[in-house]
Amino acid sequence: MATRRSLVLILAPFLAFAAVDVAAVVTYSSRLIHRFSDEAKLLRFSTNGGEVRWPERRSLEYYELLMNSDFQRQKMKLGPKYNLVFPSQGSKTMSFGNDFGWLHYTWIDIGTPNVSFLVALDVGSDLLWVPCDCLQCAPLSASYYSSLDRDLSEYRPSGSSSSRHVPCSHQLCESSTNCKSSKQQCPYTVDYYTENTSSSGLLVEDILHLASAGDHTLNTSVQAPVIIGCGMKQSGGYLDGVAPDGLMGLGPGEISVPTLLAKAGLIRNSFSMCFDEEDSGRIYFGDEGLATQQSTPFVPSDGKYMTYIVGVEACCIGNSCLKETGFSAVVDSGTSFTFLPDEVYERITKEFDRRVNATITSYPGYPWKYCYKSSSHELPKVPYLKLIFPSNNSFVVHNPVFVVYGIQGVSGFCLAVQSVEGDVGTIGQNFMTGYRIVFDRENMKLGWSPSNCQDLADGERMSLSPKETPSNPLPTNEQQSSPGGRAVAPALAGRAPSRPSNAPTRPISSRFCHLNLLPLLVLSHVLVSSFPLNTT
């Protein structure tokens, strides 16, 4: 068996010049010299003018130096440019249930000096906006929200030394037609799916504070310039508990944070979100997921990738796959629950109802039609729901229900899907629970793999939490599920397609562990392969 040996070559160029009638033609030739050859040794001695360390050919030291050099070259190829990147306060995301519209949130830091914001995460829209120089904003006092232990923030560009106005002449200003001059500050308006819900204001550029981590490295700070919507006026759901402190759009648009980070060379053009059973999760920029994950391509709309759409070929309830249940679906973390086209919804709900062993009922204030009583104070076994994608890839939703709690425990449950007109549905946040969802924009595909949102590809080797994480106790399941209190309808944060927005690393696998043992393995392989030792 041939042994693969890494060669580091020293070029010794020799130039030959030949005269031509009009211009000189230059020919380059060179000899390749092994870094540990006798010729290279002579060059090193003449250059340094004294003794240099030189390993004996085919000795243990010889192979160890070659392999260490290879490892360094690999790190240069795969290294810091493609580390995982996440918000400076940590990769953790959290849901506050009914209090904040069932979306997932994370803390981010913006500006100089940095100010913290609790932003909703939405893959259905593009712009990052925060309440700013407010004319009409949601309440920011912690006393208004049962889940917070500190006040929310308002961004003031004049208070940040790194803030810059975005002029109407900027390539990301989509409202330039409304400007009186090219130097005017660019206005924006984003309309969202939920009726009469919008954010409007002016665009600014400022620093988003992030952290980066790779194999055998501590967290390092990253300051990334991004475009931010100075949200002066919000409406609809944004005044009643949904995203009161801003929203981070993670869509494929040019103005979204993942796009700006990728174009700056800080990450691969991909990111992941993970949602666990305890209403928390993780977000990583630059994450391409596992090699073993399942995937399906994104589907363009009118030839463009305006949002993340996938094609579902069929739906199954348990082991029963139903005919004529294919549809296109928007994958949207900004939608709390899942919506199916009318005809697909009817087939799915009827099959679920046929298979579930419980009495159908209704719960006032809940939006779902198929709800059931629980005969005990625990959730009974319910059939799983499976989505079939091209190439027989499948996405299994093990628990497609919303649990209703009473005083003594579980009082019932509802199949957490709703119908929607048309042939395009929405895969909402509830279906993503228990998965690491990868939005691979580089290869235009959606990836997924089961995850507890902790062990993300050697994540145990990385310090992925902030030094100090803000304490934000989550409400109990009973608090989340109780119809009492200030109810907020399931959020639909995705950008409305009919009125487009006017706003405008991959983890490094642990390949380099146990370096001290690898030279011995290589030497053993050389000996077994009957390479004679040079004893002269």
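Student: Leaving aside neighbours within four places in sequence, which residues is aspartate 151 in contact with?

Tutor: In this predicted model, aspartate 151 is in contact with Leu140, Ser141 and Ala142. Aspartate 151 and serine 141 are ten residues apart in sequence, with their C-alpha atoms 4.7 Å apart in space.

Student: Where is aspartate 151, and why is it called partly exposed?

Tutor: Aspartate 151 is in the loop between β7 and β8 (164-165). Its relative accessibility is 49%. Buried means under 20% and exposed over 50%, with partly exposed in between, so aspartate 151 counts as partly exposed.

Student: How do you know whether threonine 335 is buried or exposed?

Tutor: Threonine 335 has a relative accessible area of 2%. The cut-off for buried is under 20%, so threonine 335 is buried. Its place is the loop between β19 (327-331) and β20 (338-341). The side chain of threonine 335 also makes a polar contact, at 2.8 Å, with the side chain of aspartate 332.

Student: Why is the pair of tryptophan 102 and phenylalanine 402 called edge-to-face?

Tutor: The ring centres of tryptophan 102 and phenylalanine 402 are 5.5 Å apart, with 85° between the planes. Centres within 6.5 Å make a pair, and planes over 60 degrees apart make it edge-to-face. Therefore this pair, at 85°, is edge-to-face.

Student: What parts of the chain does that pair link?

Tutor: Tryptophan 102 is in the loop between β4 (92-95) and β5 (104-110), while phenylalanine 402 is in strand β25 (residues 401-406). The two are 300 residues apart. Both tryptophan 102 and phenylalanine 402 are buried.

Student: Why is the pair of tyrosine 366 and tryptophan 368 called tilted?

Tutor: The angle between the planes of tyrosine 366 and tryptophan 368 is 40°, and the centres are 6.2 Å apart. Stacked needs under 30 degrees and edge-to-face over 60, so a pair at 40° is tilted. Both residues, tyrosine 366 and tryptophan 368, are buried. Trp102, Phe337, Tyr363, Tyr366, Trp368 and Phe402 form one aromatic cluster.

Student: What makes arginine 150 count as lying over the face of tryptophan 107?

Tutor: Arginine 150 is at 3.8 Å from the ring centre of tryptophan 107. The distance limit is 6 Å, and the direction must also be within 35 degrees of the ring normal.

Student: Which residues have the most contacts inside the largest nonpolar core?

Tutor: They are Met248, Leu250, Phe285 and Phe439, in a core of 100 residues. Strand β11 (residues 220-235) gives the most to this core, with six residues. A second, separate core has ten residues, including Phe337, Tyr363, Trp368 and Cys371.

Student: Where is confidence lowest and where is it highest?

Tutor: The lowest mean pLDDT, 35, is in helix α6 (residues 477-481), and the highest, 98, is in strand β7 (residues 128-136). The protein averages 79, and 70% of the residues score at least 70. Over residues 1-27 the pLDDT stays under 50, and over residues 497-536 it is below 50. Where pLDDT is low, the predicted coordinates should not be read in detail.

Note on methods: Residues are numbered from 1 along each chain as its sequence is written. This is a predicted model: local features need pLDDT of at least 70, side-chain atom pairs count only at pLDDT 80 or more; totals for chains, interfaces and linings use all residues. Side-chain values use heavy atoms; hydrogens and water are left out. A nonpolar core is a set of buried Ala, Val, Leu, Ile, Met, Phe, Trp, Tyr and Cys residues joined through side-chain atoms within 4.5 Å. Buried means under 20% relative accessible area, exposed over 50%, partly exposed in between (1.4 Å probe, protein chains only). Helices (H or I, at least four residues) and strands (E, at least two) are DSSP runs, numbered from the N terminus. Rings of Phe, Tyr and Trp (its six-membered ring) pair if their centres lie within 6.5 Å; planes under 30 degrees apart count as stacked, over 60 as edge-to-face and the rest as tilted. pLDDT is the predictor's confidence in each residue, from 0 to 100. Contact means heavy atoms within 4.5 Å. A polar contact is a pair of N or O atoms within 3.5 Å; within protein, one must be able to donate a hydrogen and the other to accept it, and residues adjacent in sequence count only if both atoms are side-chain atoms.
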